[in-house]
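This briefing covers the nonpolar cores of the structure shown below, together with the helix packing and strand pairing around them.

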Amino acid sequence: IRAQYENHEFGSDIRSVYRDIHQLNAPATGLEVLYDGRTKGYWLKTRLFSQSELQLIIDGIQSSKFITQAKARDLTQRIQKLTDAHTRAVLNRQAVVANRIRNMNESVLDETGRLYRAIREDKKVSFRFFHYDREKKKQYSKSGGRYIVSPYAILWNDGNCYLYAYEEEKARFSHFRIDRMEDIRLLSLPRVGNDEYKEKDLTARQPKIFNMFSGEECLVKLRCINRLADVMLDRFGREIILTPDDEAHFLVNVPVELSPPFYAWIASFGRQVKILSPEKVVNGMRDFLQKSMDMYKNDGKM
């Protein structure tokens, strides 16, 4: 909203402009008209999203490796159109993420939309699943055959998006990276696995899983240096109890699903974290470290 008082473009004097702006700013309208001293004009501030909320959405899109760069740019431009020109100019920047590795699958958003539809309509889906080889060529699982699963949830982990689905032939739930799924088809078959699926349990299970590797669930006791309190709380939630052990260390019991990525996570802290119990997990850590050491001997093999 802009008024050029000198030229009276709107056929109104300054008093009527002030009166109209005052009426527009009334609480009942849900509008907010602000004055811009730089341009000497008025602008309508959007109420759908605040500037900081829109910036958060745009930064999330720009920093995500789940979508391609072209799609990230397209979504950012469309989101900027949700607001006024004044706010749009402020938002006209991109989040900078060092060495961001982008997904190469251009159809991933459409594929995800089909999965959400299948979940809403309580239907099975079929798809092909692939990995890239060292020549960057697709190698399909099941010799190119199709998976048929019952989809239940979409999960995010480390910037990647996964389908959590029930495989009837294996009688278990599995994770599938959505950008590795191809030619997703919605089937007329009803989902199975409703009795086995519990959304609340799935939410509680997420901190226990490392890199989406499932395994035996176990309560593990750790001894950590004090400065890792933030790390443990961020990973396992603020409900865990940190018990002082001495002036420099604390003890904590955490629920995890045992897997190689869990042992690798512990190893990444070096001498700052030690597994104390149970014994089978201590032995699992020793075995993990020994195999890694053996690989780096002169005659070691992978």
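**Phe262 and the cores**

Leaving aside residues up to four places away in sequence, Phe262 touches Phe210, Val220, Val256, Glu257, Ile275 and Val281. The model is a predicted one. Phe262 is among the residues with the most contacts inside the largest nonpolar core, as are Val220, Leu222, Met232 and Ile275.

- The largest nonpolar core contains 27 residues.
- At least two residues of this core come from each of strand E9 (217-225), helix H7 (229-236), strand E11 (249-257), helix H8 (260-267), strand E12 (273-277) and helix H9 (279-295).
- E9 supplies 5 residues, the largest share of this core.

**Packing of H8 and H9**

- The axes of H8 and H9 lie 10 Å apart, and the two helices pack at an angle of about 80 degrees.
- An angle of 65 to 115 degrees counts as roughly perpendicular, so H8 and H9 are roughly perpendicular to each other.
- On the H8 side, the contact is made by Pro260, Phe262, Tyr263, Ala264, Ile266 and Ala267.
- These residues meet Lys280, Val281, Gly284, Met285, Phe288 and Leu289 in H9.
- Of the residues in the contact of H8 with H9, 10 are nonpolar, 1 is polar and 1 is charged.

**Strand partners of E9**

- E9 pairs with E11 in the antiparallel sense, over 9 bridges.
- Leu222 stands opposite Val252 in E11.
- E9 and E12 also run antiparallel and are joined by 4 bridges.
- Lys221 stands opposite Ser277 in E12.
- In a regular strand, side chains alternate between the two faces of the sheet.

How values were computed:
Residues numbered from 1 in each chain as written. Predicted model: local features only at pLDDT ≥ 70, side-chain atom pairs only at ≥ 80, totals over all residues. Heavy atoms only, no water. Core = buried A, V, L, I, M, F, W, Y, C linked by side-chain atoms within 4.5 Å. Buried < 20%, exposed > 50% of the residue type's maximum accessible area, 1.4 Å probe, protein only. Contact = heavy atoms within 4.5 Å. Axes fitted to C-alpha atoms, helices over the stretch in contact; angles between N-to-C directions. Parallel < 35°, antiparallel > 145°, perpendicular 65-115°, else oblique. Nonpolar A, V, L, I, M, F, W, Y, C, P; charged D, E, K, R; others polar. Pairing = 2+ DSSP bridges.
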